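Me: I want to go through the salt bridges here. Please keep it brisk.

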Amino acid sequence: MCVTAVESRSPGGGTSHAARVAGELGTTPVHRPFGARAKGFVALTKPRIIELLLITTVPVMFLAAQGVPDLRLVLVTCVGGYLSAGGANALNMYIDRDIDALMTRTAQRPLVTGMVSPREGLVFGLSLAVVSTLWFGLLVNWLSAWLALGALLFYVVVYTMILKRRTSQNIVWGGIAGCMPVFIGWSSVTDSLSWAAVVLFLVMFFWTPPHYWPLSMRVKDDYARVGVPMLPVLASNRVVARQIVLYSWVMVLVSLLLTPLGYTGWFYTSVALVTGGLWLWEAHGLHHRAKDGAVGAKLKEMRLFHWSITYVSLLFVAVAVDPFLR
């Protein structure tokens, strides 16, 4: 796998932003405390994002097993998922360290501050990619291993290296990598795929843009500063909000397909209807505020972002609980 990136530089072209931040923290390449460095390597894996990935993996295993799956298998799959996603995130930070140094919300990442060197970050990410693939192949099954490796390569190569800095549709297609845990969860139990997994994959696919675009609306100045063409950078709040509403409707309708296909019953359907209705309420509310010209705190775009995390958590908990109520 070929990975390239540009060295981090400050807007003024002199001392790098990373070096300045490292100086402010009292750390230099020759003085990096072990504990802080260990935290830096953990930070490279973006553990908070991985929590969301696991939320979409474990419930699917319950649905695939139509009950409680082998708990050892659940543990092994979760560890493999963490290693794989962690490797993808570390490589993403390696590639994006130049723009991370210029964005407020990413300026404290370990490759920017110097707590972890670029070479260490690259080796760490590649090592996790290899270890996670072997982990899945030897302890779960090889279908899950190839799916996990495919997700990692898609996120690193297709999203980070090709799409992110070139198109406003970056998060739409790049989000495919974040949908793969659904396939991995199903395949880890059955060593196969099914229409249920496809439906839940599509739910996550249509969930990703309206989940991420509200956050992008909040930090669009950061993205504009580094030339990343997120949709809110190129389009008005009204246009972005309209896109959010469209994706939201498709997502909710797709989420309701599991029951007529025979994979879920009344409990999942009830949760999907209630949580989906609340999502659409928030999405239309954001659209109305954007149409009225609301900006800043009055736009309240982060309400939908925070609800999106609650929504996907509740929906997938319903996926896990439903088999016990049928």
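Me: How many salt bridges does the structure hold?
Reply: This is a predicted model, where local features need pLDDT of at least 70, side-chain atom pairs count only at pLDDT 80 or more, and totals for chains, interfaces and linings use all residues. Residues are numbered from 1 along each chain as its sequence is written, and side-chain values use heavy atoms, with hydrogens and water left out. A salt bridge is a side-chain nitrogen of Lys or Arg within 4 Å of a carboxyl oxygen of Asp or Glu. The number of salt bridges in the structure is 8.

Me: Which helix holds R37, the salt-bridge partner of E120?
Reply: The two side chains meet at 3.2 Å, N to O. Helices are DSSP runs of H or I, at least four residues, numbered from the N terminus. E120 sits in helix α8 (residues 118-139), 83 residues apart from its partner. R37 is in helix α2 (residues 34-44).

Me: Is E301 buried or exposed?
Reply: Buried means under 20% relative accessible area, exposed over 50%, and partly exposed in between (1.4 Å probe, protein chains only). The side chain of E301 forms a salt bridge with R218 (2.9 Å, N to O). R218 counts as partly exposed, at 48%. E301 has a relative accessible area of 3%, so E301 is buried.

Me: Which residues are linked with D96 in a network of salt bridges?
Reply: The side chains of D96 and K164 meet at 2.6 Å, N to O. Both D96 and K164 are buried. The network links D96 with D98, K164 and R165.

Key. Helices (H or I, at least four residues) and strands (E, at least two) are DSSP runs, numbered from the N terminus.
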